Amino acid sequence: MTDHTYKKIELTGSSTVGIQQAIETAVAKASETIHNMRWFEVVETRGHIEDGKVAHWQVTIKVGFTLGA
């Protein structure tokens with residue numbers, strides 16, 4: 001196993017469906033330009049309420065990816 005150096009970035013994904021979809025939205029968008037993503041951690045979850053119902057989820061994650069080859 002080789003040693004790795006990681007970089008972390010913070011992203012916020014959103015969804016009207018749920019928390020998992022908000023995370024998947026953020027990861028999918030980041031994967032368009034960031035390669036070698038290895039893990040994520042949820043750092044914040046919040047939502048928007050309309051007419052007494054949850055209308056929108058926002059989930060902030062930190063994503064780690066390896067630098068170099």
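Let's start with the strands: β2 and β3 run antiparallel, and 12 bridges join them. Keep in mind that this is a predicted model. To get your bearings in the pairing, pick Glu 41, whose bridge partner in β3 is Lys 62. At the turn of this hairpin, two residues sit between the strands, and Asp 51 takes a positive phi near 55°.

Now over to the helix. α1 covers residues 19-30, and at 1.5 Å a residue its 12 residues should span 16 Å; the C-alpha atoms at its ends are 17 Å apart, so the two figures agree.

Which residues of α1 are buried? They are Ala 22, Ile 23, Ala 26 and Ala 30. Looking down the axis of α1, you'd find these buried residues within an arc of 100°, so they line one face of the helix.

Take Ala 22 as a close-up: setting aside neighbours within four places in sequence, Ala 22 is in contact with Gly 13, Ser 14, Ser 15, Trp 57 and Val 59.

Val 59 turns up again in the largest nonpolar core, which has 10 residues. Ala 22, Ile 23, Ala 26 and Ala 30 are in it too, along with Ile 9, Ile 34, Ile 61, Val 63 and Phe 65. Both α1 and β3 supply at least two residues each to this core. In soluble globular proteins, nonpolar side chains tend to be buried together.

Conventions
Residues are numbered from 1 along each chain as its sequence is written. This is a predicted model: local features need pLDDT of at least 70, side-chain atom pairs count only at pLDDT 80 or more; totals for chains, interfaces and linings use all residues. Side-chain values use heavy atoms; hydrogens and water are left out. Helices (H or I, at least four residues) and strands (E, at least two) are DSSP runs, numbered from the N terminus. The expected span of a helix is 1.5 Å times one less than its number of residues. Buried means under 20% relative accessible area, exposed over 50%, partly exposed in between (1.4 Å probe, protein chains only). The arc is that of the directions from the helix axis to the C-beta atoms. Two strands pair if DSSP finds at least two bridges between them. A nonpolar core is a set of buried Ala, Val, Leu, Ile, Met, Phe, Trp, Tyr and Cys residues joined through side-chain atoms within 4.5 Å. Contact means heavy atoms within 4.5 Å.
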